[in-house]
Amino acid sequence: VQTNFAAVEQKFAKEEEKSFHIHLPRFLMYFIAGLMINPLQWAWQKGKGRICVDCTNGPDVAGSANTLIPKPSADNADECPPVFYQHAFARHIRHLWRMRLTFPAEELLQHCDDIEAAFRRVLYHPDLAIVFAYVFGEYLIIPVGQVFGPRLAPSFFSLLSDLRAAVA
């Protein structure tokens, strides 16, 4: 599916309204130590476009961000925790079952909870943010909130969403 530049610019403007990126003039990319420039992809899902930072630059090419990030597992939970949200629906159904057993005659109410841009609310340390930088037009863009594409993104989003669900 072809996309036009105006639609992509509009998506960037929407992201910028929420302050998830730092926009700098493009020429500064030569002066930031440790900066990794990643290519962008425009991913279509359910009729909507999403900006995706391609941290692999191919199948784990040496020097790409994902090559340096370990795969999610319990063995290295501090660096890249395992992903658990694939069991969220089963946990929810189990919780409903237990509530029904505890309160058989009561009406059970459920609430849909959706935080806008929840994925981006995981903030990067400044030393790590420059690893996921990219160039768009005349701007060097450094993300301060989590981007789609790095290997560690699902892990940390899963960790925080599980914590949030436990508190709720």
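Reply: Apart from its neighbours within four places in sequence, Tyr 124 is in contact with Ala 129, Phe 132, Pro 143, Val 144, Gly 145, Gln 146, Val 147, Pro 150 and Leu 152, where contact means heavy atoms within 4.5 Å. This is a predicted model, in which local features need pLDDT of at least 70 and side-chain atom pairs count only at pLDDT 80 or more, whereas totals for chains, interfaces and linings use all residues. Residues are numbered from 1 along each chain as its sequence is written, and side-chain values use heavy atoms, with hydrogens and water left out.

Tyr 124 also belongs to the largest nonpolar core, a group of 24 residues in which Phe 12, Tyr 124, Phe 132, Leu 140 and Ile 142 have the most contacts. Such a core is a set of buried Ala, Val, Leu, Ile, Met, Phe, Trp, Tyr and Cys residues joined through side-chain atoms within 4.5 Å. Two or more residues of this core come from each of helix H1 (5-17), strand E3 (48-53), strand E4 (134-136) and strand E5 (139-143). Helices (H or I, at least four residues) and strands (E, at least two) are DSSP runs numbered from the N terminus. In soluble globular proteins, nonpolar side chains tend to be buried together.

Leu 128 is in helix H3 (residues 126-129). Leu 128 counts as partly exposed because its relative accessible area is 32%; buried means under 20%, exposed over 50%, and partly exposed in between (1.4 Å probe, protein chains only). Trp 42, in strand E2, is partly exposed because its relative accessible area is 21%. Between the C-alpha atoms of Trp 42 and Val 8, 34 residues apart along the chain, the separation is 8.1 Å.

The loop between strand E1 (21-25) and strand E2 (40-45) holds Phe 31, which counts as exposed because its relative accessibility is 63%.

Ala 153, Ser 155 and Ser 158 are buried in H4. Ser 155 and Ala 77 are 78 residues apart in sequence, yet 9.1 Å apart in space, C-alpha to C-alpha. Ala 77 lies in the loop between E3 and helix H2 (88-102).

For the whole fold, the protein chain has four helices and five strands, in the order α-β-β-β-α-α-β-β-α along the sequence. Of its 168 residues, 27% count as buried. Among contacts with a separation of 6 or more, 63% are between residues 24 or more positions apart.
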